[in-house]
Amino acid sequence: MKLYKELAEWWPLMSPHTEYEEEAELFLKIIKRYHPAVKDALEFGSGGGSNAFYLKKYFSMTLTDLSPDMLAVSRELNPDCPHLQGDMRTIEVEGTYDLVFIHDAITYFTEKADLLAVMKNAKKHLKPDGLLFIMPDEYTETFEPRTGHGGIDKDGRGMRYLEWSYDSDPDDHMLVTEYAYVMRDRDGQVTHEHDSMKAGLFSMPEWDALLAEAGFKAHFERVEFSEEPGTYFGIAATQLE
Ligand SMILES: C[S@@+](CC[C@H](N)C(=O)[O-])C[C@H]1O[C@@H](n2cnc3c(N)ncnc32)[C@H](O)[C@@H]1O
């Protein structure tokens with residue numbers, strides 16, 4: 001996506017970290033219920049580092065992402081966290097962790113084999129009693145076509161976006177989100193861009209079966225956001241062996 005490459009510098013205006021405070025606290029409550037003694041965490045697909053900004057108050061966080069441009073954005077917000085570049089299916093980070101945390105970055109996988117590779121790689125990076133927490137945006141059971149918008153003004157620049165998610169083929173494991181971005185730079189120049197993103201759409205039994213194959217027991221936990229319409233579930237995945 002252009003958003004994670006040439007448009008990455010606009011990310012803090014499109015999705016400011018302050019919009020993540022509530023969800024980070026909700027995720028923390030679930031994580032603590034399954035692993036009260038988390039001291040260190042590894043995040044896959046940490047993006048702009050917005051969840052990490054809040055979670056790092058409770059445990060140390062090592063942040064990883066595929067995109068060097070997004071890692072640069074996160075380094076500004078989280079200069080105190082180590083940042084590493086890599087694909088969550090294959091990245092090898094030294095050591096093992098109490099928690100592997102994967103937020104919305106899991107969304108970009110539309111093939112079960114890729115999800116399985118991520119889960120197996122997460123297991124490799126966990127201590128024996130470590131927890132994998134995944135927060136998929138959508139499940140087959142909860143998905144509803146949606147239109148949303150957002151963005152802010154900051155330091156003389158502004159960005160607004162419109163997003164539109166739809167399921168073009170109910171028989172595949174995929175939905176599409178179209179993004180329209182409008183950016184106004186400090187000199188007043190206005191530009192616009194478009195991204196089209198494919199996202200995975202899997203049912204809870206499919207997540208359950210994949211996690212079991214990777215050596216986890218999945219616990220689906222309802223997450224209730226105060227301002228986000230829709231039904232959301234995080235997955236606290238404990239290790240089977
Ligand atoms: C929406 S952002 C994540 C925002 C993050 N949850 C936060 O709290 O700020 C999604 C990120 O997933 C990353 N990503 C996509 N595919 C990936 C992969 N295969 N491995 C690692 N990161 C990936 C993108 O580069 C992007 O930075």
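This is a predicted model: local features need pLDDT of at least 70, side-chain atom pairs count only at pLDDT 80 or more; totals for chains, interfaces and linings use all residues.
Started with the ligand today: one of its nitrogen atoms sits 3.0 Å from a polar backbone atom of Met88.

Next I checked Asp104, where a polar side-chain atom lies 2.8 Å from a nitrogen atom of the ligand. Then I looked at Gly49 and found a backbone N or O atom 3.3 Å from an oxygen atom of the ligand.

I wanted the wider surroundings too. I get 22 residues around the ligand. Ser50, Asp65, Met88, His103 and Asp104 are the closest of them.

Moved on to the helices. I looked up α5, residues 112-124, against α6, residues 204-213. Their axes are 9 Å apart, and the packing angle is about 45 degrees.

Which residues of α5 and α6 meet? From α5 I listed Lys112, Leu115, Leu116 and Met119; from α6, Glu206, Trp207, Leu210, Leu211 and Glu213. I sorted this contact by residue type: six are nonpolar, three are charged and none is polar.

How values were computed:
Residues are numbered from 1 along each chain as its sequence is written. Side-chain values use heavy atoms; hydrogens and water are left out. Axes are lines fitted to C-alpha atoms, for helices over the stretch in contact, and angles run from 0 to 180 degrees between N-to-C directions. Helices (H or I, at least four residues) and strands (E, at least two) are DSSP runs, numbered from the N terminus. Contact means heavy atoms within 4.5 Å. Ala, Val, Leu, Ile, Met, Phe, Trp, Tyr, Cys and Pro count as nonpolar, Asp, Glu, Lys and Arg as charged, and the others, Gly among them, as polar. A residue is near a molecule or strand if one of its heavy atoms lies within 4 Å of it. A polar contact is a pair of N or O atoms within 3.5 Å; within protein, one must be able to donate a hydrogen and the other to accept it, and residues adjacent in sequence count only if both atoms are side-chain atoms.
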